[in-house]
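Reader: I'd like a close look at one part of this model. Keep it brisk, please.

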Amino acid sequence: MDVDQHMSRVPDYAAFPTVDQMHAELDELADAHPELVRLRRIGTSRLGEPLRVATIGTGPHDAVIIGGPHPNEPIGALTVSSLLRQLIDDARLREEFGYRWHLIPCVDPDGARLNEGWYARPSDRRAYAEHFYRPAEADQVEWTFPLTGEGYFFDRTLPETEALMRLMDEVRPAFVYSLHNGELQGAFSYLSRNEPGLAAALAAVAAGQGLPLHMGPPEVPSAVKIGPAVYVTPRGAELASIYGIGGGSVDYADRFDALHLVTELPYWADPRVSDETPTDQVYGEVIKAYLAGQRALVAELGRSLAKVGAELTVRSPFRRALEDFLGTHDDYVSEWEDYPGADRPATVAEVIGKEQLKHSMRLRYGGMYLRLLDAELAAGNLTPAVRAERARMKARFEDWLAEAEAGFTATPIPIRTLVAVQLGAALLAAEAAKGTPSTT
């Protein structure tokens, strides 16, 4: 298969779609092509939103494509849109590639609606931070699959997760693709198993589109690298007890021996995240400095929350997410303490990776805390403490934003490029899942 030709068909996009726009597009395509597209409801979100899947293709293999498993990561909605339209237009791709595709543009619509304030301004870092929402760990669709094992048990599955489970139980997929993205790290991927040649092909697709590869610190210190910017997907058993979560979609895909892929793509490109040149800084000291910054952030938010905690009246998702972050911080830090082999020189990518992550965490949780306080004010809770902390933390947020912007050289990546990379990766991995090598 010539993956490049399919990537080249991805159109330009100026913004990410709202949930209503995603629903409208599904209806439009299903109505226009009833002989090709089967649209059905597979569940209901926690707030009553319909969860729908579009099925197209003739098989004999099945692929489940999951858009929006984290609501601050909407690239996947457009990847689903582009792939669905190509399957409609391209009979060979639809009929000869060998898959029935089950496409979900957004599996967490409730959370997505809380991010829509920045979807229309994807390159605006202030808008992103001020309208950012990411659920508490145990409220994330991606990480609430059932998990049982020695010493740990998780069965608090969400309705959205249960809908995905039912779909996978029904179709028994050969390939499952969870569509993710980050902010300023480079492009990288997770694979559930090391398929020959696939890791290198995934890295080549991203690099071929001009994306910097993520050569800095991994998301979790135990991640096993199997190629440039490609890791073996961590299972729930490795992470669940640390974060109070369940299994991931990869754990459920393992039940069917499905190949599972995650792509993580940035919104902004900074070539330094790929630079493996040694610096004069010791990597262990870089890690310690980052963890000190994390502790300072947690302390700042914790002190402020303590001042207003007894007066809060609104049961907001922002409060739950913030309290979860503050509560799991110590366990997160413990993963990075005494990182093995950290007495070597840090690379440019490692220094920049930790520095950018420091800024991202400040802006993410500072922005959500302001939304928490704004919800109180909007509800009429105008106590002196709430008003004072809102003013103080707004000033702190502005300082954090100014620090993040100082010397900021990253450039916004065209959305079309990000969608093309996710789509190309889907086709490469789908071919690998059925045992057929592909070309780029």
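Which residues in α12 meet which residues in α13? And how does that packing carry on into α14?

Author: This is a predicted model, where local features need pLDDT of at least 70, side-chain atom pairs count only at pLDDT 80 or more, and totals for chains, interfaces and linings use all residues. Residues are numbered from 1 along each chain as its sequence is written, and side-chain values use heavy atoms, with hydrogens and water left out.

Start with α12 and α13. Helix α12 covers residues 283-308, and helix α13 covers residues 317-336. (Helices are DSSP runs of H or I, at least four residues, numbered from the N terminus.) Their axes lie 10 Å apart, at an angle of about 160°. (Axes are fitted to C-alpha atoms over the stretch in contact; angles run from 0 to 180 degrees between N-to-C directions.) α12 and α13 are therefore roughly antiparallel, the word for angles over 145 degrees. Their crossing is left-handed: the near helix is turned anticlockwise from the far one by less than a right angle.

Now the residues. From α12 come Tyr283, Ile287, Tyr290, Leu291, Gln294, Arg295, Leu297, Val298, Leu301, Gly302 and Leu305. They meet Leu322, Glu323, Phe325, Leu326, His329, Tyr332, Val333 and Trp336 in α13. (Contact means heavy atoms within 4.5 Å.)

Next comes α14, residues 348-378. Its axis comes within 9 Å of the α13 axis, and the two cross at roughly 155°. That makes α13 roughly antiparallel to α14 as well. The crossing of α13 and α14 is left-handed too.

On the α13 side of this contact sit Phe318, Arg319, Ala321, Leu322, Phe325, Tyr332 and Trp336. Facing them in α14 are Lys354, Leu357, Met361, Tyr365, Met368, Tyr369, Arg371 and Leu372.

The charged end of Lys354 sits over the Trp336 ring, 3.7 Å from its centre.

Definitions and conventions
Lys NZ or Arg CZ within 6 Å of the ring centre and 35° of its normal. Parallel < 35°, antiparallel > 145°, perpendicular 65-115°, else oblique.
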